[in-house]
Amino acid sequence: MSDYHDRLYQRYASSHFYYRDLAAADQLYARLAPFYARNYRELLPADRAAALLDVACGTGDFCYYLQQAGYTHVNGIDLSPEMVEACHARGLTSVLHGDVFDYLAAHPDTFELITAHHFIEHLTKPRIFDFLDAALIALRPGGRLVLTTPNAASLFGARDRYIDFTHEVGFTPESLTQVMNATDYGNVRMLAVRPVAGSWRGVVRNGLWHLTQGLSRLALAIEGRPLMRPVITSASLIGEGEKPAGKSS
């Protein structure tokens, strides 16, 4: 890891605008819980005892959501000591401080589901392949990897690519599909990250979101861009892939 990566990750929570107030983590989670439910509930295993891993779990919001949803074998790992400390303060004692690659290598054929929220864009291109290979080894046959990353095909693609100094690469649905197919994941699919429509404000926002998605797709069609179907132009993108049932590590 380069010196600038080390400096930023050691103090990632205190240096990044998103994590300025760790004391407000519970308030933030109250807004995130319905968001997680809308976008990820259908991607979770039916077995509440399944082994789950959230990579680069940050302050543990998704791990906490999984626990609240009744999952009993939730694991997390993060390279930032500040993040892990925040997780432990929330009672997430199964979150470990350490290197993701070392952890995955030490747990072959272990997890039914590995999630990575806004992690893969922080890796260089060679390390992206290393991570996808390592996650495939750590999954059980039939287990799934679920990635969330900024969508470079969105209206805000450039902003989200450069909003964090540690971002190394951007993905479109096409390029994320390409790298997951190239690393032997099966049943690869791409999904839009959708807003929550709980309150009347949420309903309005959801309607406007659908409008902007339609306008974005129209602009791409006018440009004559070759695109995979369905066309996904949401600000963030979910990529899902499966370890083939007959493949063991």
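Hi everyone. Let me start with a term: a residue is buried under 20% relative accessible area, exposed over 50%, and partly exposed in between, using a 1.4 Å probe and protein chains only. What you see is a predicted model, where local features need pLDDT of at least 70, side-chain atom pairs count only at pLDDT 80 or more, and totals for chains, interfaces and linings use all residues. Residues are numbered from 1 along each chain as its sequence is written, and side-chain values use heavy atoms, with hydrogens and water left out.

First stop, L218. This leucine sits in helix α10, residues 200-223 (helices are DSSP runs of H or I, at least four residues, numbered from the N terminus). L218 is partly exposed because its relative accessibility is 48%.

Next, H167. You will find H167 in the loop between α8 (157-162) and α9 (173-182). Is H167 buried or exposed? H167 counts as buried, at 10% relative accessibility. Leaving out residues up to four places away in sequence, H167 touches E121, H122, P150, D160 and R161, where contact means heavy atoms within 4.5 Å. The C-alpha atoms of H167 and E121 are separated by 5.5 Å, though the two residues are 46 apart along the chain.

Methods: Helix = DSSP H or I, 4+ residues; strand = E, 2+ residues; numbered from the N terminus.
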